[in-house]
Amino acid sequence: MTSYYKPLQYIVPPEDDGMLLRTVLQQRMGISRKLLSRLKMTEQGILLNGERRYIDVKVRAGDRVEARMEVETSDDILPQPIPLDILYEDEELLVLNKEAGRIVHPTHGHYTETLANGVVHYWLEKGERFRFRPVHRLDQETSGVLAVAKNAYVHQQISEQMQTTGLKKEYVALVHGVLALDEGTVDAPIDRDPLSPHLRIVIDTGYPSVTHYRVERRFRNATWVRLWLETGRTHQIRVHMKHLGHPLFGDKLYGLEESEEPSTSVFIGRHALHAAVLGLTHPISRKWMEFHAPLPSDIQQCLDRLESNE
């Protein structure tokens, strides 16, 4: 017997009387064409007043429309007991504070010890079944807020917010050198480096990429900066700050060469970047929510050391 998550429901108002069921599902309930195709193939995926119906029928005022998604699991991810710092959780969403050094999802050569392994284990321990669906990614060395959708609809809705800049992504970083402007915007296209495909560079033929920043504190040879993303390219902040001439402390890919390092007596074993805030409209309640991840100890120690050097 097929199991389903809690259904998405819509009661047809008088102004939608006579509308096609397809239109209700897509325009009123916000279901994407891809998800709609999946629901149509599911036995109890689309119901009108409790009965399975074709989506080209017309609805009437007061009708109850339900979209039901099948329960899914990540059977390809090995459950492992890994400590999780949970900032928020409900039936549709899990928000975590990812530690630095933790890969988000299993990849070639890294099938275990990822955040996904820990989340799948956590759900199984609670007797819950979900597929691991991070709505965005953080680099292995980047710490901070990361959201995981518990079903395809929630993932789709938050992904759409990302595409329309409806998502707030706020980072903090420690960069080399002293930024001259108190605030500014880096609007520079990014794409793969033709000579090193695993790296990204600013290049005229790249994808549009926009990063906003504001200086929080200036030190003798460093700047503590807050950043907001308008786009979400791979390594965007790291590439843009290098483009400005102020790469991140500890950045092994985009940082300074050892010969260029100023004498700051500050060392961090990873790039000094932290996803501090994530804001989004909850796909079910439609309420704006913000999640904050406290500053990790390694970055705080760097700031304390710079402060004492002043």
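**Pockets and an aromatic cluster in a predicted model**

Phe 130 is buried, with a relative accessible area of 11%. Buried here means under 20% relative accessible area, exposed means over 50%, and partly exposed lies in between (1.4 Å probe, protein chains only). The model is predicted: local features need pLDDT of at least 70, side-chain atom pairs count only at pLDDT 80 or more, and totals for chains, interfaces and linings use all residues. Residues are numbered from 1 along each chain as its sequence is written, and side-chain values use heavy atoms, with hydrogens and water left out.

Phe 130 takes part in an edge-to-face aromatic pair with Trp 123. The ring centres lie 5.1 Å apart, with 65° between the planes. Rings of Phe, Tyr and Trp (its six-membered ring) pair if their centres lie within 6.5 Å; planes under 30 degrees apart count as stacked, over 60 as edge-to-face and the rest as tilted. Trp 123 is buried, at 1% relative accessibility. By this rule the protein has three aromatic pairs. Another of them joins Tyr 5 and Phe 130. This pair is stacked, at 5.5 Å centre to centre and 10° between the planes. It links distant parts of the chain, 125 residues apart. Tyr 5 sits in the segment before strand S1 (8-11), and Phe 130 in the loop between helix H3 (115-125) and strand S7 (133-134). Tyr 5 is buried too, with a relative accessible area of 12%. Tyr 5, Trp 123 and Phe 130 form one aromatic cluster.

Strand S1 also holds Ile 11. The C-alpha atoms of Ile 11 and Asp 63 are separated by 5.7 Å, although the two are 52 residues apart along the chain. Beyond residues up to four places away in sequence, Ile 11 touches Gly 62, Asp 63 and Arg 64. Contact means heavy atoms within 4.5 Å.

Residues 24 or more positions apart account for 66% of them. The protein has six helices and 16 strands. Helices (H or I, at least four residues) and strands (E, at least two) are DSSP runs, numbered from the N terminus. The C-alpha atoms fill a box of roughly 70 × 40 × 40 Å, taken along the principal axes. Of the 310 residues, 48% count as buried.

Pockets were then examined. A pocket is an open set of points on a 1 Å grid over the protein atoms alone, where a 1.4 Å probe fits, with protein on both sides within 12 Å along at least five of seven lines; lining residues have an atom within 4 Å of a point. A volume is the space filled by probe spheres set on the points, which are joined across faces, edges and corners.

The largest pocket has a volume of about 940 Å³. Its lining has 32 residues, of which Arg 137, Gly 232, Arg 233, Thr 234 and His 235 lie nearest the centre. Helix H4 (152-163), strand S9 (168-176) and helix H5 (236-243) each give two or more residues to this lining. The largest share, three residues, comes from H5. By class, the lining has ten nonpolar, 13 polar and nine charged residues. Ala, Val, Leu, Ile, Met, Phe, Trp, Tyr, Cys and Pro count as nonpolar, Asp, Glu, Lys and Arg as charged, and the others, Gly among them, as polar.

The second largest pocket holds about 380 Å³. It is lined by 17 residues, and Lys 6, Pro 7, Leu 8, Glu 92 and Ile 284 lie nearest its centre. This lining has nine nonpolar, two polar and six charged residues.
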